[in-house]
Amino acid sequence: MIDLRQLRETPDRFKNGAKAKNIHVDIDRILTLDEQRRALMTKIETLRAEQKKIEKDLGPQIGKLSGAIKKASGDEAAALQKELDAIKAKPAALKDQIAQAEPALAAIEPELNALLLQVPLPPDADVPVGKDSSSNVEIKRWSPSGYDLAKTFEQNKGFKPKTHQEIVRDLNLADFERGVKLAGTRSYVLTGWGMRMHLALLRYATDFMTDKNGFTPVSVPVLVREEAMIGTGFFPAGREQAYHIPESQRGNPDADPAKEGKSGYDLFLTGTGEVGLMGLHQGEILDESVLPLKYVTVSTCFRREAGAAGKDTAGLYRIHQFDKVEQVVICKADEAESRAWHKKMIGFVEDLLQGLEIPYRLLQCCTGDLGPKNADMVDIESFMPGRGEAGPDGRPLGDFGETHSASRLYDFQCRRLNMRYRKAVDGGKTETVVCHSLNNTVLASPRFLIPLLENHQNADGSVTIPKALRPYLGGAERITQ
RNA sequence: GGAGGGGUGGCUGAGCGGUUGAAAGCAGCAGACUUGAAAUCUGCCGUGGGGCUUGUCCUCACCAGGAGUUCGAAUCUCCUCCCCUCCGCCA
């Protein structure tokens, strides 16, 4: 969520931001509603202030008179009652006026709030402007020594690479037929060394963040309340991407599972551990000294992949369920600090990929590719020799594929989550400030098995296990048939 | 699934119809004492919104959320949500 006051003061910044992100939201409507709301509030507040004052003045008199009436009888009581009614008439009249103005105010708020949730965070000025991912800008490329990304895999290694689907089939690492039988399209089963490598990668990535980089490991729920989805910024825009568990429709008489948006208090499966990690401190006012909070989790992620029909349907690339090690940083509200963490969090992943000897590149995402909640985003793509356009021999030429995404969100998420900290200001005073947040993938598997298997395959069909991973695989050096 | 008990400021916890935005304690901040620290003493210390005369200013809202009773609600009524305990079932 963005700050309504900021929107009021610099509406053009938000209009331009939404435009650059290709997100439509009626900001003029928000400004109009906001103005109406404030006018009504002023009116109601003035009336209420008056009413309060009268109450204080007349309250004791009313009490006394009421008491006297109980004791009195006949004409005397009637006279007192008349007096009491006269006194009561004044505040009662104000009450009516307030009661008339209130519904107008109440009518504005739901629309205003719904619109406000849709306003995206404007991209930072240094983010390249572009319509979609085709305008992303490559900022860095890395490959292990001896591997030249300007040449083909075959030129580098002396043999044609297999695709990961072929490797997985030949080495019995996954079973797609049975996966689909069990759970439908985009489902899979990891078997034998496939499963072992999957677990080894997750464990390696978690230890890497914990032992080497000082992150706190946490487990988080993957089944969460709607507030956590809205708070982290995945809803309302990404609602169709999430699995909805119509669990119970607890207490909501209007809830109808058939109607989207009327879920009551149901739960949702998270598409990333970010939701759980960010939701941890929802609604809290943190002590400045605990910042920055550095969390890492490994969680199962669920994605409907709605609207991706026909895209990457084969293999382990685009699937409904996978496991992901995710890093999150919650820091002070300071642009320089936020930018510094972004660089660091990307650096962690570079170290990890270099340790696993996987060629990769960094892509600065353009405005159109950012999504509502990011001010800035850098994608990390790993090289996948079995991906991409087919060459003259009908075999893929190899291409980069997204394996990581590092986001910088300023206070967008924390404002929605109402996550703040006490900041010391001059004169021994404190003020409460909304935290900043960032997140980045550490490693997502099985997708990461693709670059791992394809880059480390050998001419004889075996796959060499990178040294860093061997301790997690009982010391095994290669996987053979 | 059954039966109870609860939700009050950063935390603990009083209040149960009228200067209560809320006692007290803890934590925090400032000062005194001290070579320094601890202890002690004194003072300050919730969040959010609106206004303009932008001020150690005025004002409104907030005691889980919503509706109601009342001149007046943290306090009474109803609904919902959430948490806890016990029993049952269960990995």
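Q: In β10, which residue is the bridge partner of serine 299?
A: In a regular strand the side chains alternate between the two faces of the sheet. Here, serine 299 has lysine 324 in β10 as its bridge partner. The model is predicted: local features need pLDDT of at least 70, and side-chain atom pairs count only at pLDDT 80 or more, while totals for chains, interfaces and linings use all residues; side-chain values use heavy atoms, with hydrogens and water left out. Residues are numbered from 1 along each chain as its sequence is written, and chains are lettered from A and ligands numbered from 1 in the order in which they are written.

Q: In which sense do strand β9 and β10 pair, and over how many bridges?
A: Two strands pair if DSSP finds at least two bridges between them. Strands (E, at least two residues) and helices (H or I, at least four) are DSSP runs, numbered from the N terminus. Strand β9 (residues 293-302) pairs with β10 in the antiparallel sense, over 10 bridges.

Q: How many bridges join β10 to strand β16?
A: Nine bridges join β10 to β16 (residues 436-445), and these strands also run antiparallel. Across from glutamate 326 stands threonine 441 in β16.

Q: Why is β10 largely enclosed by the rest of the structure?
A: Burial is read from relative accessible area: buried means under 20%, exposed over 50%, and partly exposed in between (1.4 Å probe, protein chains only). Strand β10 (residues 321-331) has 10 of its 11 residues buried, so the rest of the structure largely encloses it.

Q: Where is aspartate 312, and what is its phi?
A: Aspartate 312 sits in the loop between β9 and β10. Its phi is near 45 degrees, a positive value in a residue other than glycine. Aspartate 312 is partly exposed, at a relative accessible area of 21%.

Q: How many salt bridges does a search of the whole structure find?
A: Side chains of opposite charge can pair when their charged atoms come close. A salt bridge is a side-chain nitrogen of Lys or Arg within 4 Å of a carboxyl oxygen of Asp or Glu. The search finds 32 of them. Asp124, Asp126, Glu335, Arg339, Asp376 and Arg408 are linked in a network of such bridges.

Q: How many residues apart are arginine 38 and aspartate 34 in helix α3?
A: Arginine 38 and aspartate 34 form a salt bridge, with the closest N and O atoms 3.5 Å apart. They are four residues apart in helix α3 (residues 27-71), so about one helical turn separates them. Aspartate 34 is buried, at 1% relative accessible area, whereas arginine 38 is partly exposed at 35%.

Q: Which parts of the chain are linked by arginine 395 and glutamate 166?
A: Arginine 395 and glutamate 166 form a salt bridge, and their closest N and O atoms are 2.8 Å apart. The pair links distant parts of the chain, 229 residues apart: arginine 395 is in the loop between β12 (376-384) and β13 (399-408), and glutamate 166 is in helix α6 (residues 164-170). Arginine 395 is partly exposed, with 26% relative accessibility.

Q: Is arginine 178 buried or exposed?
A: Arginine 178 is exposed at 53% relative accessibility. Its side chain meets that of aspartate 175 in a salt bridge (2.7 Å, N to O), and aspartate 175 is buried at 13%.

Q: Which residues does leucine 417 touch?
A: Contact means heavy atoms within 4.5 Å. Not counting residues up to four places away in sequence, leucine 417 touches Gly231, Thr232, Met278, Gly279, Gln282 and Gly283. Leucine 417 lies in helix α12 (residues 412-417) and is buried, at 2% relative accessible area.

Q: What is the phi of asparagine 418?
A: Phi of asparagine 418 is near 55 degrees, positive in a residue other than glycine. Asparagine 418 is in the loop between α12 and β14 (420-425).
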